[in-house]
Amino acid sequence: MTAVRAVPFLFPAGDMAERPRTRPVAGVEFSTDGRKLVATTYSENPDRRVKIDGSEGWDAPFTQSDRTGFHVIDVASGSSSWAGVEIGGGAHNPEAFINSRQDFAFTRDGRLVWSGMPTEPGEKFYDFTGREVAPPALERYRDWSVDAGVSPDGQLVAGPFAGQKWKTSSFVLDARTGKQREVRGQQLLAWADGNSLVAWDIGPDGNEFHQRLVLVTIGGEKTIPLSDFRSPEDNTEGRWEPVFAER
């Protein structure tokens, strides 16, 4: 499910443990069952751009993050709790860091939250008090940079670009063993069911930005087009983005 980007976040009425004005929010996401929200807090705007020495333009502050933690909100009652989370790799991996924006999301069962990171181990998992915990057995192979995540039945995990059997393809992993299978598609975006996914794929011109949505099936050789191609220029005005929701 796609995260909502909004600053500030307006909490529903209820017994509030923290207020948004004291813990500013920059990203929120529902749990799979829709009963909870996790709202990632930052002390500064994580999408700001700064001038970096040696850069020709304005960029996100590299290796710097103002993330402070997360709220967990009960949707029905509006009650919430806040947990602070240390920035970076912590005691176990002090050289690791997170991106300037690195929001939290729920695990598929909604019992933990997790966050990606661009260095090893790739992601970290936390209980609702902010304590780091071991990855759930069926989510240890998930890749934070791949939107599709875990399959609806929890048995498979969408993986990164492969490009071995086909020019554009991606890996799908067994959630228990990590064994890889290759499927068509440049980038896996969402699960359609337990055996097929919606993906970006490129046209015959090979332009990585000239993409269309396709349906790919594990074990299948073909793709089924779901949309027309987007503009071949990444910065084209009005360039559209897909939004997915579970139902």
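Author: Of the contacts (heavy atoms within 4.5 Å) in the protein chain between residues at least 6 apart in sequence, 41% join residues at least 24 apart. This is a predicted model, in which local features need pLDDT of at least 70 and side-chain atom pairs count only at pLDDT 80 or more, while totals for chains, interfaces and linings use all residues. Residues are numbered from 1 along each chain as its sequence is written, and side-chain values use heavy atoms, with hydrogens and water left out.

Reader: How many helices and strands does the protein chain have?

Author: The chain has zero helices and 17 strands; helices (H or I, at least four residues) and strands (E, at least two) are DSSP runs, numbered from the N terminus.

Reader: Why is Ser196 called buried?

Author: Buried means under 20% relative accessible area, exposed over 50%, and partly exposed in between, with a 1.4 Å probe and protein chains only. Ser196 has 5% relative accessibility and therefore counts as buried. Across the chain, buried residues make up 43% of the 247 residues.

Reader: Which residues does Ser196 touch, leaving aside those up to four places away in sequence?

Author: Ser196 touches Trp191, Leu215, Val216 and Thr217. Val216 is 20 residues from Ser196 in sequence, yet their C-alpha atoms are 5.5 Å apart.

Reader: What makes the pair of Ser196 and Asp193 side chains a polar contact?

Author: A polar contact is a pair of N or O atoms within 3.5 Å; within protein, one must be able to donate a hydrogen and the other to accept it, and residues adjacent in sequence count only if both atoms are side-chain atoms. The two side chains make such a contact at 2.8 Å.

Reader: How do you know that E14 and E15 pair?

Author: Two strands pair if DSSP finds at least two bridges between them. Five bridges join E14 to E15, and the two run antiparallel. Leu188 stands opposite Ala199 of E15, and Ser196 also lies in E15, which spans residues 196-202.

Reader: Why do E14 and E17 stand at the edges?

Author: The open sheet has the order E14-E15-E16-E17, with antiparallel pairing. Strands E14 (187-193) and E17 (223-225) each have a single partner strand, so one side of each is left without a neighbour in the sheet.

Reader: What makes strand E1 mostly covered?

Author: Five of the six residues in E1 (residues 25-30) are buried. Five bridges join E1 antiparallel to E2 (residues 36-42), with Glu29 opposite Val38. Five residues lie between the strands of this hairpin, where Gly34 takes a positive phi near 75°.
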